[in-house]
Amino acid sequence: MRINSFILATSAVVAALFFGGAYWSLDRVFDNIVRTNAARASDAATRITFASMYQLMSQGWSRKQADDFLREMAGSGAGSSMQVQIYRGQPVVELYGEIAQPPIDALIGEALRSGRPARLDSKEEARHVYPLIADQRCLQCHTNVQPGVALGAIEVRQEYAGLLADARHQLLLAFALLVPLAAVLAGAAVWWVGRRIEGAVESLQQEFDQVGAVGDLKALAVTERDFVFVELKRIDQALRALLDKLRGIAVDKEILSFEIGLLEKFVITADVVRDWREYVGRLLIDINTILPAHTLFSIFKIDDEMFDLEVFWYGPVSSDTKRRMEHYINVELSRTVTFSECGSFAVHHHVANSDGPVVELSEDEVALRAKSFFVDKPKIGGIVGIGVHAGVLEDETRYLVVESVLSTLLNVVGSVKAIYKYTRDLEYYATRDPLTDLFNQRVFWELSSYEIGRAQRNGYSFGLLLIDLDNFKLVNDNHGHTVGDTYLQRFARQVQGALRDGDILVRYGGDEFVAVLPEATQESVVVVAQRVRSAVEQLEVITPEGVRLRGTASIGLAVYPDHADSTKDLLMFADNMMYRAKAAGKDQVAVPTPDDVVEIFRDISQKSLMVVEAIENQRIVPYFQPILDVASRQIVAYEVLSRIDLAGEMIRADEFVEIAEKIGVIHRLDMLVLERALFSLSQQGHDGEIFVNLSPRALVFSEFARDLRRIIAASGVAPDRIVFEITERDTVKNLALLERFLIDLKADGFKLAIDDFGSGFSSFHYLRRFPIDYLKIEGDFIANMLVNNKDRTFVTSIRSLAREMGIAVVAEYVESPEVLRELERMEIHRAQGYYIGRPAPVIMPRDWQPPA
């Protein structure tokens with residue numbers, strides 16, 4: 001409804017109510033006035049009539065005079081609204097006889113009897129009856145009455161129906177003249193008010209119609225208008241105040257959509273980690289869809305005095321602009337106490353959109369439009385700062401959005417850089433020995449398998465050298481691990497220099513090294529082995545105390561396909577030859593003869609028979625190595641290990657597991673160890689977790705999963721207490737089969753761990769594909785992390801990666817209190833090693849005590 005229509009309708013209703021009420025009120029007032037005046041006039045006429053009669057009677061009037069008087073009084077009201085009638089009472093009739101008069105009705109009769117005036121009002125008239133009371137003067141003529149007796153009565157009739165009709169007529173006539181005049185005045189007032197209000201509202205609406213975005217709202221200038229009325233002026237003032245508030249808090253739908261879309265891209269994937277610089281460049285391009293941002297930069301702390309500055313430009317940029325931006329960042333860092341004396345920058349510039357507009361910024365533009373964050377200490381990934389240079393930072397709302405995006409980017413970019421660094425380190429250490437920088441054992445298995453395939457295809461032979469340092473334990477015992485590590489590093493370089501170009505040297509473990517010699521006959525392999533032995537004899541290491549250390553090596557060799565046709569058999573053959581060299585007095589190269597080949601394989605056959613016989617006669621003994629909760633210092637789990645009882649001598653698992661896998665009895669071995677271990681642990685009262693090694697090769701047996709569940713169900717041990725360790729002794733060709741099997745185990749409530757994490761490529765595939773609960777860090781890194789920064793970096797990287805993925809970490813090879821204290825400081829969850837407890841058939845008390 002329009003406001004003028006509302007006011008007009010309201011005015012009409014009010015006018016109708018007003019005039020109707022006024023007419024009704026005035027009608028009541030006129031009626032009352034007429035009746036009151038009629039009563040007064042009647043009273044006055046009665047008194048005058050009575051006074052006149054008394055005056056005439058006191059003069060002694062005759063009957064004729066009395067009759068004439070009465071007749072004149074009765075006729076005096078003819079043609080008027082008032083009529084007077086005098087009635088004779090009975091006492092007067094008795095003395096003077098009856099006269100012509102109207103019949104005495106009840107009202108008059110009552111007044112004559114009671115001697116009191118009477119009144120009767122009707123719609124048409126008012127009747128007033130006044131009795132004529134005799135007093136002492138009247139007794140002279142009316143001798144038959146006493147004082148106080150009514151001699152007669154005077155009746156006055158006053159008709160006012162006509163008077164009221166005349167009054168109503170006059171009132172209606174007046175209203176007939178006033179109503180049109182009031183209607184005209186009301187219409188004029190409504191038109192004037194409506195015109196003023198509608199004009200102001202239409203003008204205001206036109207200004208508001210121009211607002212299509214928050215930017216228009218901020219540019220809107222509402223013209224001040226005179227709404228005339230105080231209330232409307234207050235509304236206008238409230239609208240202005242609301243507009244000011246909206247300018248401060250309103251946010252563009254466009255910029256909200258941008259922020260949401262940008263935050264949705266803050267998802268760290270493998271592609272993002274691999275191409276993190278391209279990822280940040282794409283974010284910069286996205287930012288430019290909502291606001292012009294010329295550059296985005298991030299600062300990473302590499303070490304105490306070295307920083308990486310990564311600058312991402314939206315488009316091609318001039319060298320002067322690069323210099324100005326670098327100078328600005330230096331100035332900003334100098335204002336922060338922590339970085340006021342920072343060292344040099346390694347600056348890297350990147351262009352996100354090579355086809356974009358050329359970026360050219362002056363000194364003032366760089367300083368005034370850059371928004372940056374710097375923290376006192378490096379965030380995740382070593383990031384200490386991040387910033388953006390945008391052209392609309394004077395817009396408060398967009399400024400806040402940029403600020404929130406930057407604060408999120410600070411963590412996202414830091415996390416991406418951290419994972420990128422950790423992944424790169426992990427990938428490197430997955431293939432390299434961190435001490436000697438040689439390839440590690442896992443790479444040896446893959447390279448040697450590849451070499452066998454290549455040799456088969458091309459029809460040539462290749463050699464294998466197993467090199468073991470003689471008496472290396474004495475170096476560590478007498479001079480410490482630091483000297484031992486230095487000795488191993490120098491030894492690796494010495495051996496590497498003695499090999500041919502294209503030969504591959506691997507640190508297999510501890511003080512054992514393996515060299516793969518492609519395309520080599522036994523004669524050429526022997527020549528290289530002798531050259532290596534001579535190079536080792538020339539090695540000399542001087543300790544900090546000035547002691548000169550020299551050493552020798554025992555070398556065993558094997559040739560494909562002369563001595564074996566698989567990597568394991570080749571290595572086993574070379575290992576046997578190496579032990580023959582040591583038995584011959586060390587510092588030897590053991591060159592196999594045909595008799596050696598027969599004897600070695602006879603030894604392998606004997607070991608195979610030993611394993612089968614031990615399984616058949618159930619001479620497999622479970623041993624348990626404790627796992628310590630680092631924080632609470634309590635034994636919370638045990639790893640199950642296997643031993644063979646051979647006439648009272650316990651044979652370690654590493655001497656027969658590979659043979660069991662090769663001859664196809666690993667499934668039976670695993671089931672027997674598991675069954676005996678669960679029974680023994682239950683008998684000894686262990687209620688914590690149980691770590692069980694799971695050979696991937698056992699999965700080829702269809703009955704493996706069935707037997708596994710049957711044995712665990714019969715033991716009464718809850719599935720969530722059993723942790724299956726996945727090892728990488730053999731490459732799993734059907735990774736999908738392993739994945740389905742492990743997911744089924746996880747669904748049954750079992751837990752999963754990756755053993756020797758970081759020692760091979762497959763560990764990372766396992767971590768990505770399987771629902772892992774624990775990572776067991778390769779023990780070599782733990783053992784050396786106090787003296788080797790690379791090992792320490794590796795352990796730190798695994799801990800950070802596991803924390804990001806919500807996985808617990810177990811450190812192996814904990815062999816000293818110093819290592820345990822460092823693990824506690826690094827917040828490693830669990831520890832395992834000889835310092836915690838050696839493998840044994842009986843378990844330890846739950847509350848762990850350090851060894852004496």
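Analyst: In this predicted model, α16 passes α17 in a right-handed crossing. The axes of α16, residues 481-498, and α17, residues 522-537, come within 9 Å of each other and cross at roughly 145 degrees. On the side of α16, the contact is made by F491, Q494, V495 and A498; α17 contributes R531, V532, A535 and V536.

Strands of a sheet pair through backbone hydrogen bonds, in either a parallel or an antiparallel manner. Here an open sheet of 5 strands shows mixed pairing, and its order is β11-β12-β10-β15-β16. The edges are formed by β11 (504-509) and β16 (589-590). Each of these two has a single partner strand, so one side of each is left without a neighbour in the sheet.

Within the sheet, β10 (residues 462-469) and β15 (residues 553-560) pair in the antiparallel sense over 8 bridges. In this pairing, G463 stands opposite V559 of β15.

Helix α17, already described as a partner of α16, also packs on the sheet, where α17 touches β10, β12 (512-517), β15 and β16. The direction of α17 makes about 165 degrees with that of β15. A further helix, α18 (residues 567-583), lies across β10, β11, β12, β15 and β16, and α18 runs at about 145 degrees to β15.

How values were computed. Residues numbered from 1 in each chain as written. Predicted model: local features only at pLDDT ≥ 70, side-chain atom pairs only at ≥ 80, totals over all residues. Heavy atoms only, no water. Axes fitted to C-alpha atoms, helices over the stretch in contact; angles between N-to-C directions. Helix = DSSP H or I, 4+ residues; strand = E, 2+ residues; numbered from the N terminus. Left-handed = near helix turned anticlockwise from the far one by under 90°. Contact = heavy atoms within 4.5 Å. Pairing = 2+ DSSP bridges.
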